[in-house]
Amino acid sequence: MPSPLRSGTDCAAWRELESLAGSLKAMSTRELFAQDAQRFAHCCVEGAGLALDYSRQRADARVVNGFVALADQLGLRSRIEAMFRGDLINSTEHRAVLHTALRRSGDTPLVVAGEDIGALVRSERERMLTFAEGVRSGSIRSSSDQNFTLVVNIGIGGSDLGPAMAVLALKQFTTGAPSVAFVSNIDGCQLADVLEHADPERTLFIICSKTFTTLETLTNARAARAWILQRLGAKRLPQHFAAVSVNARAMDEFGVHPEYRFAMWDWVGGRYSVWSAIGVSLAIAIGRAGFESFLSGGREIDEHFRTAPWHENLPVIAGMLGVWNIDLLGLPTLAVLPYDSRLARLPAYLQQLEMESNGKHVKLDGTPTTLPTCAVIWGEPGNNAQHSFFQLLHQGTQRAAIDFLLPINSSCGSQPQQDLAIASCLAQAEALALGKDAEQVRAELTRQKLSAEQIAALLPHKIDEGSRPLSLLLFERLDPATLGRIIALYEHKVFVQSVVWGDNAFDQWGVELGKTLTESFIPLVQKPEEVSGQSSSLTGALGYVKRWRD
Ligand code: F6P
C-alpha cells in the first residue's frame, strides 16, 4: 500500500498561510498597493499566451512563497507527472486520467496498461477530423445526396457543455460550416425549438454520451430518431445519425453506422472530454485546422504546467489563490465574468468542470476533508452583470472572489466596442479593488454643493469598501488556440486544488443518487393516482401533478 497522500492541512506551509491570512485580512488592497510600487510587476504572470494579473488579490509575495512551499510539501510535481503518465489516480473508479493525452502531438508512445494510448488517440482523432471535415465541406452527404446545413449535438453535461461553450466562443471561425445546435434538456422544448425550422433532409444528429445510458440524452436521441423516421423512413436514417461513446454495443443497438461512430475511453472524464471525439461538433464548426489549433493551445498549457516554476505557473497560482480565497479568506463563491459575450457559456462550463470535480466531502482515503472544498461558481458576461448583480459585488455583505476574462481584440471585428468593454472591465476591477472611501465621497458631494445634512445622510450609501479579491486573465484574442489554453488552465487549476484538498477530482458519485431516484420516480409521475408510501413532500407534489396536469 502506498503511504496516504498528504493534503494541505498536513503541511507546515499551511500553518504559515493561516497566519498570513490573519494579517492580510486586516489589510486593504489599497494598503497592499501602497506597500509595493511594483505590485503589478510582482503579481502578474505570463505563460503560453495568457497573462494572469492577480495584483488585486489580497495576497503578497509572502503568500506566494507559502503557495510554493505548499506545492513542494504536497509533492505536486510528482502528482502532476502521475496524471500525465497514466497512473490510476481516479482511485474510486480505478481509472487513469488522461485527457492530456488527447491533445498530445507527435508519435511518441504513451503506454498505459500495455497499450499505446498515443496511437489510439491519433487514429480516432484522424477518423473524427476526417468525418468533421467531410460534413463541413459537404463531401459527406445526407440520404438525399445534399450537404448538411444543420448539425444537432445531443448530449448533456460534459457531452454538451464543452462543445456548446466552444462553438459559441469561436463563432468567428465557423464561416462556411453548417449551423450547429445543442440539445441537452430532457423536457423536449430545446429539441422542439431546434427542429421547428430544421430540414430533415439536411440535418445530422450527433449523439454524444460517454456511457450511452444517460436518460436525457437517450430520450432526446430517440425523439430525434422518431422525427427522422417519420419524415425520411428507416432506410435513410443511418445517414443522419453519428455518435460518440465508450459503449460500442449501445451505439450498435441504436443503429449508428460503424463509420459514423467514434470512440472515447474510460480514462477521459466527461467534463474533460471536449478534446476527444466528443468535440466533433466543434470540429465541424471550426474545421480541422481550427480543432488542431485548439488542441495545441491545451498542449501549450500542459507543457507550461509541467515545467514552469511554481511562482510563474499559471494553473498553480490560480489554483492556490482559489484555495486561499475559499479556505483562508472565507469566500465560498467565485464569479466568472468574461468581457466577451461569446464566452457567455464559460461560467456554465466551469460550473461543471470545477464543481463536479472538487465538490467533494471526503479525501482520497475516504476520510472527511479537513477544509471546505471548491467554490460555488457563477457568472455572466461582464457588462450584462454590471447592470444586474455587480451591486452586490461592490457593496453587498456577501463577498465573492472574481475572475475577469479579458480579450484585448474584438471577437467579431468591432474593436471600438471592444475597447469600451476593456474600459468597463478595468474600471470595475479598479473600483472593486480600491473602492471609494468616506473622504472621497465627502469631497465628491461637496463639489456637488450638497448641504452638510444631505452629505451626512448620503455618505454611508455611497462608500464602496473595495478590497474585493479578483484576478484578470488577459489574452490577445479569442481564437481556437487561446480557448484551448483557457480551458486547460482551468482544468489544471482544478487538479492543483484537488491536491491541496486531497480529494478525487475525477469521480462524481454524488450525481448518482439523483439519477437512480429519477428512474424510480418516472412511474410515479406517470400514474400519480397510484402513489402510496412515499414521503409527504413527494406525495404532496405528486398531488399537484395529478390535479393540475391537463
Ligand atoms: O451528470 C453527471 C454526468 O455523469 C457527467 O459527469 C457527464 O458529463 C454527464 O453526466 C453525461 O454523461 P454521458 O456522457 O455518459 O451521457
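In this predicted model, helix α6, which spans residues 117-137, lies across the strands β5 (150-154), β7, β8 and β9, and runs at about 145 degrees to β9. The strands β5, β7, β8 and β9 belong, together with β6, to an open sheet of five strands, whose order is β6-β5-β7-β8-β9 and whose pairing is parallel. The edges of this sheet are formed by β6 (179-183) and β9 (261-263), each of which pairs on one side only, and the twist from one strand to the next averages 20 degrees. Within the sheet, strand β7 (residues 203-208) and strand β8 (residues 241-245) are paired in the parallel sense over four bridges, and Cys 208 is found opposite Val 244 of β8.

Turning to the nonpolar cores, the largest comprises 147 residues, and Trp 324 and Leu 483 are the residues with the most contacts inside it. The element that gives the most to this core is helix α19 (residues 480-501), with twelve residues. Because residues are given to this core both by domain 1 (8-73 + 308-434 + 468-501) and by domain 2 (99-287), the core lies between the two domains. When neighbours within four places in sequence are left aside, the contacts of Leu 483 are with Met 165, Ala 166, Ala 169, Leu 170, Phe 294, Leu 343 and Leu 478. Another core, of 19 residues, lies apart from the largest one, and includes Ala 335, Ala 385, Ile 422 and Cys 425.

Notes. Residues numbered from 1 in each chain as written. Predicted model: local features only at pLDDT ≥ 70, side-chain atom pairs only at ≥ 80, totals over all residues. Heavy atoms only, no water. Core = buried A, V, L, I, M, F, W, Y, C linked by side-chain atoms within 4.5 Å. Buried < 20%, exposed > 50% of the residue type's maximum accessible area, 1.4 Å probe, protein only. Helix = DSSP H or I, 4+ residues; strand = E, 2+ residues; numbered from the N terminus. Domains from an automatic or database assignment. Contact = heavy atoms within 4.5 Å. Pairing = 2+ DSSP bridges. Axes fitted to C-alpha atoms, helices over the stretch in contact; angles between N-to-C directions.
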